[in-house]
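Please work through each task with the sequence and structure at hand before reading its solution.

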Amino acid sequence: MRRRALWISLGFIVLLGAALRLYQLGAVPTELTWDELDLYNSAHSIATTGHDIDGTLLPYLYCPIARNPPIYAIAGYASSLVLGATPFGLRFPAVIFGLITVLLVFGIARELTGRRDVALLAALLTATGPIFIHFSRVAWEPTCELPFLLGGLYALLRTFRRADEDGRPGRPSTRGLAIGALLLGLTAYTYMAGWFYSVSLGLGLLALNWFRFRDRRALGSLGLALAVWAIVAAPALWVWFFDPHTTQWTGRLSTFAGGVNAQTLGVFAHNYLAHFRWSYLVTTGDPQPGLTWRYLDGFGALFGWVVPLAALGALAAFRYVRTRWAVVFTYAWLALYPFGGALTDEGAPNATRTLAGMPVFCILAAIAIAMLFDLAARPRDKRDREVATGLARVLLVGGMIWGLVSFSTFYFVRYNHVNSNAWYSGSSAMFAALLAHASYYDRICYAVLPAWFPTQSYTLFYFRDRAIEQIPYAGDPACSKPGTLIATDQHHPVTAPGFLPIATIRDVDGSIFANISGRPR
């Protein structure tokens, strides 16, 4: 019965997580942005032509700024073949990755503590956490990082735990180590920061279990696992460290690009601590226009009551995590959490680069909740125990309902209006109007918001089945010729003679996003 109740509870949590991720998936966030379109464009180009849009075929995909890891692009393109190249179709894999994350947090929490209640609570906090919901609704690379990273860590934790089933440290299985290494190696193809957390957490876990690798057989298993990781991750690491297009970008972002000195160490410390700010974790997400405004904007990473519980759980972890090395690993995970944002000096706090550390907050908060219930069950008097336990349940359920209602009300009703520019609201309507008139014209020129970023990302997606000359700068002399469509925003009115108004495009707020005019042939 207890086992059945466990799986029913976990199933309910997964269904709740699915509902929060699938509801209005194609409409919130309001538009597919260029991050999402670049991944699809590359995958579509490779599938239809055999090469990327820049003519190459590399482990990472082309993007005007830097190369993108390919795993989400593969999943998104496969989804589009079934569900269509729509916001829902491209974002659906993000939902699946998010639900897999929920299950893996459950598994990791259970391996660390051996307690079903802690595992279920950690899964519930992951299923309902604002940062996990939002990042499971966008078709970009960070979405697929956690399933592979957590999958690798879970495989290693489970392998070490099963090796100790007789009560003494035993030799870990070669298969378990290899599976963990494979998943951690694949993490390098999920997100740019994936390889760092794969190395630091994976090697840290192995180092904490050094005592298991004393004989030749165990050392052989360890060597095989390291070889699997190196072989799998090597192409990705080559791109990261040696591809000029990528290293130019990563070098510019590095906190220590100018060397290790007092100034850069101060920047590192500032960026590190920024990821523990209350405003980032709970209230606003500390969005920075043009940098992190699509990550957390108007809401924090977690519910307000989860953060103090995570702090309490950190203090109590040594009593609930089963082994000493696992306690050290849990603390190391928490300490490493901000590194992805601290080692780069752009937009700290940065939710995408530190997403790998957020599950540990849920695990620690779950430990604290379990501890409070344990304390409530201590009184000898039955009535006192019932009252204390009932109060703990009311507080937990009330906090969860309050958090879900307040976040859902904001996210599904108001979020699209907080900063419609962040998602370039109006883009799809503009390109739909341009596409509808394109057969009567020879070229299209742009002077609108998407032109702040490579217009090519949009034109490749929306005009993938329609060939027409695209000019990203409306000041080009060709843009004054007959047979020209021009899309401009309010700041770039058309002054060339002979152009007639065609359509006015408005964003989700009702503001003018673009004016479309044309000069007939």
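**Exercise 1. Determine which residues line the largest cavity, and sort them by class.**

*Solution.* Step 1: the lining consists of Arg21, Phe97, Gly98, Thr101, Ile131, Phe132, Phe135, Ser136, Thr143, Leu146 and Leu355. On a 1 Å grid over the protein atoms alone, a cavity is a set of points where a 1.4 Å probe fits but cannot get out, and lining residues have an atom within 4 Å of a point. The model is predicted: local features need pLDDT of at least 70 and side-chain atom pairs pLDDT 80 or more, whereas totals for chains, interfaces and linings use all residues. Residues are numbered from 1 along each chain as its sequence is written, and side-chain values use heavy atoms, with hydrogens and water left out.

Step 1: by class, the lining has 6 nonpolar, 4 polar and 1 charged residues; Gly counts as polar and Arg as charged under this scheme.

Step 2: helix H4 (87–113) and helix H6 (130–135) each supply at least two lining residues. Helices are DSSP runs (H or I, at least four residues), numbered from the N terminus.

Step 3: the volume of this cavity is about 80 Å³, that is, the space filled by probe spheres set on the points, which are joined across faces, edges and corners.

**Exercise 2. Is Thr354 buried or exposed?**

*Solution.* Step 1: Thr354 sits in the loop between helix H16 (339–342) and H17.

Step 1: Thr354 counts as buried because its relative accessibility is 0%.

Step 2: outside four places in sequence, its contacts are Tyr197, His275, Tyr280, Tyr337, Pro338, Gly340 and Gly341.

Conventions: 1 Å grid on protein atoms, 1.4 Å probe; cavity = no way out; pocket = protein on both sides within 12 Å on 5 of 7 lines; lining within 4 Å. Buried < 20%, exposed > 50% of the residue type's maximum accessible area, 1.4 Å probe, protein only. Contact = heavy atoms within 4.5 Å.
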